[in-house]
Amino acid sequence: MKQPVVFPGAEGSELSGTLELPEQRPRAFALFAHCFSEQAFGETAARISRALAQKGIATLRFDCTGDDFALRLAQLRAAATFMADTGRAPSLLLGHGVGGTAVLTVARELVGVRGVATLNAPYSVGDAAPPNVRDLGRALLVLHAPTNQSVGIDNARRIFEAAKHSKSFIALDGADHLLSRREDGLYAAEVIAAWASRYVAELGDRPERPGETAQGTVVVEETRESRYAQAVSLGRHVLTSDEPEAAGGADLGPSPYDLLLAALGSCTSMTLRMYAEHKGLPLESVRVTLNHAKVHAKDCRDCESKTGKIDRITRTIEVTGELTDAQRQRLLEIADRCPVHRTLHSEVKIDSRLAQ
């Protein structure tokens with residue numbers, strides 16, 4: 001399934017592309033940059049994108065136009081930013097021709113990228129310095145036509161020899177620069193898709209969990225499912241945290257402040273349940289609604305701070321059951337005794353250090 005997209009480019013321009021989507025939820029995302037019009041290279045780009053989509057890798061392809069290589073790099077960065085901002089951070093970069101040189105240049109800047117594949121790419125472009133392939137730090141696949149009249153095979157040799165492992169080279173025997181013949185495009189598509197499938201688990205899945213965490217220990221790791229998405233491991237439980245779309249996330253899970261409110265709300269409800277059971281109160285159910293906001297200190301009558309802004313949490317507690325007014329008032333008082341409530345009101349010291 002293909003989906004046209006338009007996104008902000010460099011210098012206030014707009015870029016357009018096509019997102020090729022798998023039938024199921026994508027396992028990973030790829031960004032495919034080429035420097036020819038859809039008419040010239042579109043069908044080959046579409047074949048490769050569709051082949052990756054069949055492997056579960058959603059692929060955005062776009063034409064990075066212009067004669068200025070710096071502008072093409074800016075367009076590629078803009079495309080990667082668009083994907084990250086929409087929850088599709090690329091794990092795989094593909095580039096044809098000068099687009100291949102471009103992806104080699106920017107790959108190290110993109111934290112989530114784990115693999116780079118080039119098609120008939122020149123080693124360098126004009127006066128621009130060659131990309132630092134030696135320190136690429138990503139798996140590399142170089143595909144090149146030995147009889148390419150536009151970009152000689154020596155370019156592929158220089159790219160391949162400069163790179164460290166893991167690296168692979170595939171000769172596109174008999175193909176031209178644009179892979180004009182249908183069979184050449186299909187072969188390249190199958191090779192790239194097969195190569196990428198070896199890295200899909202690493203590219204698209206969450207980081208491997210170290211196993212069940214110890215009681216009282218929480219481990220938080222980036223998932224690369226969106227710009228800010230995190231996997232939160234607590235004992236044998238795993239949650240997803242993210243920022244809302246308005247804050248640059250993809251809303252794949254509750255935000256950090258949402259989790260803070262959830263901790264206070266669940267602690268409140270549990271504390272009331274424990275107290276009611278201990279005292280034999282006819283408490284049927286508890287519902288806690290919380291909101292968080294930054295407010296001016298001067299608007300808070302009972303706050304110690306009188307300048308700047310403070311955090312205000314509004315907590316509304318609903319209790320049902322055959323409770324007297326005195327019992328209901330007592331439950332409200334007990335709510336302030338929940339451990340999380342006390343932690344938020346007490347002095348908290350956070351010790352931070354870098355892991356060795």
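1. Start with Phe62. At 1% relative accessibility, this residue counts as buried. Keep in mind that the model is a predicted one.

2. Phe7 is also a buried residue, with a relative accessible area of 1%. Where do Phe7 and Phe62 lie? Phe7 belongs to strand 1 (residues 2–8), and Phe62 to strand 4 (residues 57–63). The pair therefore ties together parts that are 55 residues apart in sequence.

3. Now the count of aromatic pairs: there are 3. In one of them, the ring centres of Phe7 and Phe62 are 6.0 Å apart. Their planes stand at 80°, so this pair is edge-to-face. The cut-off behind that label is an angle over 60 degrees.

4. Which residues form an aromatic cluster? Phe7, Phe62 and Phe82 form one.

5. Next, look at Phe160. Its relative accessibility is 24%, so Phe160 counts as partly exposed. Phe169 is partly exposed too, at 35%.

6. The charged end of Lys167 sits over the ring of Phe160. The distance to the ring centre is 4.5 Å.

7. Turn to strand 5 (residues 92–96). How many of its residues are buried? The count is 5 of the 5, so strand 5 is largely enclosed by the rest of the structure.

8. Which way do the residues of strand 5 point? Leu92, Leu94 and His96 point one way. Leu93 and Gly95 point the other way. All of these residues are buried.

9. Strand 5 has pairing partners. With strand 3 (residues 28–34), strand 5 pairs in the parallel sense over 4 bridges.

10. What do strand 5, helix 3 and strand 6 make? They make a right-handed β-α-β unit, with helix 3 covering residues 98–106.

11. To recap, trace two places in the model. One is the aromatic cluster of Phe7, Phe62 and Phe82.

Note on methods. Residues are numbered from 1 along each chain as its sequence is written. This is a predicted model: local features need pLDDT of at least 70, side-chain atom pairs count only at pLDDT 80 or more; totals for chains, interfaces and linings use all residues. Side-chain values use heavy atoms; hydrogens and water are left out. Rings of Phe, Tyr and Trp (its six-membered ring) pair if their centres lie within 6.5 Å; planes under 30 degrees apart count as stacked, over 60 as edge-to-face and the rest as tilted. Helices (H or I, at least four residues) and strands (E, at least two) are DSSP runs, numbered from the N terminus. Buried means under 20% relative accessible area, exposed over 50%, partly exposed in between (1.4 Å probe, protein chains only). A charge sits over a ring if NZ of Lys or CZ of Arg is within 6 Å of the ring centre and within 35 degrees of the ring normal. Two strands pair if DSSP finds at least two bridges between them. A crossover is right-handed if, with the strands pointing away from the viewer, the path from the first strand over the helix to the second runs clockwise.
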